[in-house]
Amino acid sequence: MKSGYKKILLIVVLLWQVLLLAGCDYDASEQPAQQAPLFYNRDSRGRADTIGKLGTYSISIPAGVIDGWARYMGDPGDFADPKIKARYQRPPESYDLPIESFGFLYRITDGDVYTSFRKTEEDYRHDNETLIPYGKPFPWASVSVYGQYDATAPLNFNFTVQNEFKLAKEITHFDYIQQEQPLYGLTVYRANNGIDPETGEPWKWDDNAKDIFIKKDQTGNIKTYIKCEFTHHIDSCDHMFYNDDWHIRVWIGYSRTYLPQWQEMENNIIKILDSWRVSREGKLLGKQIGKA
């Protein structure tokens, strides 16, 4: 009995020694490589930028610029089931993580953007208090940017505009008529040629009869689509455009007073996005607009 016990004990000891030797021979180079900490650009207060990939390019959005938060592809929607939101785990942040959308405020008069803890925050508050209550044109535009990742989806508003005209005909029983003269380089369409069909007089309200402006590219695709009010105390415009280089759709909302600057706005917004471009490692490719 004792002899059998000793044999078992000897086997256990030998196995233990083999395991120890195997541990000593383990090559440390075979261990998974430790990933370097993700680099973030920061502002003067130490706040980290929001990072990701917007359409075609990696970007680093200065802290304090985004109005709300950035939504990444795959994030649950605002009205998603709370249980789904609780279970959802976003992939780790990186400069390749696709951004679905984000918003910011753009100042039309000089091409700057709103940033908290920067003079533009004070300027925005001042304009709110001194212009809006008195019905004066507000020089700030709301901007929302959407990454376009479906390679099969066209980057134009051809269907959107045609559907708008179709619905006007089916629901409100009038046609949108193209005007003879362009306005600010845009082709203009007015509901029933600007006349309310029920009264035979110019429209007194435009809930379903906003003015429509479009701009086509050289191949005939509608790249800019603008709808503007014209009977309100402060008329506003909803302005959308596609950018093929970035592979994005942009929405801008502003006072109709600034419609003549529509093309400047498009160019400046792309210039702002260009200033936020980075390498895949996070190195800035230029000077960021809106940095605090």
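The model is predicted. Helix H4 spans residues 158–172, and its buried residues pack against four strands, E6, E7, E10 and E11. The count of aromatic pairs in the model comes to 13.

**Helix H4**

- H4 has 15 residues, which at 1.5 Å a residue should span 21 Å; the C-alpha atoms at its ends are 21 Å apart, in agreement with that value.
- Val161, Phe165 and Ala168 are the buried residues named in H4. They lie on the same side of the helix, because they cover an arc of only 55° around its axis.
- Phe159 and Ile171 are on the other side of H4 and are exposed.
- The strands that the buried residues of H4 pack against are E6 (176–178), E7 (187–191), E10 (211–216) and E11.
- His173 follows H4 and has a positive phi, near 65°.

**Aromatic pairs and cluster**

- Among the 13 aromatic pairs is that of Tyr114 and Tyr124, which is edge-to-face, with 5.4 Å from centre to centre and 75° between the planes.
- This pair links distant parts of the chain: Tyr114 is in the loop between strand E4 (99–107) and helix H3 (119–130), and Tyr124 is in helix H3, 10 residues apart.
- Tyr114 has a relative accessible area of 17%, so it is buried, the cut-off being under 20%. Tyr124, at 23%, is partly exposed.
- Phe174 and Trp203 also form a pair: their ring centres are 5.3 Å apart and their planes are at 65°, so the pair is edge-to-face.
- Phe174 lies in the loop between H4 and E6, while Trp203 lies in the loop between strand E9 (201–202) and E10, so that the pair links parts of the chain 29 residues apart.
- Both Phe174 and Trp203 are buried.
- One aromatic cluster is formed by Phe165, Phe174, Tyr176, Tyr189 and Trp203; of these, Phe165 is a buried residue of H4.

- Phe230 is located in the loop between strands E11 (222–228) and E12 (236–243).
- Its relative accessibility is 26%, so Phe230 counts as partly exposed.
- Beyond its neighbours within four places in sequence, Phe230 contacts Trp203, Asp206, Ala209, Lys210, Asp211, Asp235 and Arg256.
- Trp203 is 27 residues from Phe230 along the chain, and their C-alpha atoms are separated by 8.9 Å.

**Charges over rings**

- Arg249 has its charged end over the ring of Tyr146, 4.4 Å from the ring centre.
- Arg277 lies over the face of Tyr57, 3.8 Å from the ring centre.

How values were computed:
Residues numbered from 1 in each chain as written. Predicted model: local features only at pLDDT ≥ 70, side-chain atom pairs only at ≥ 80, totals over all residues. Heavy atoms only, no water. Helix = DSSP H or I, 4+ residues; strand = E, 2+ residues; numbered from the N terminus. Buried < 20%, exposed > 50% of the residue type's maximum accessible area, 1.4 Å probe, protein only. Contact = heavy atoms within 4.5 Å. Expected span 1.5 Å × (residues − 1). Arc of directions from axis to C-beta. Phe/Tyr/Trp six-rings, centres within 6.5 Å; stacked < 30°, edge-to-face > 60°. Lys NZ or Arg CZ within 6 Å of the ring centre and 35° of its normal.
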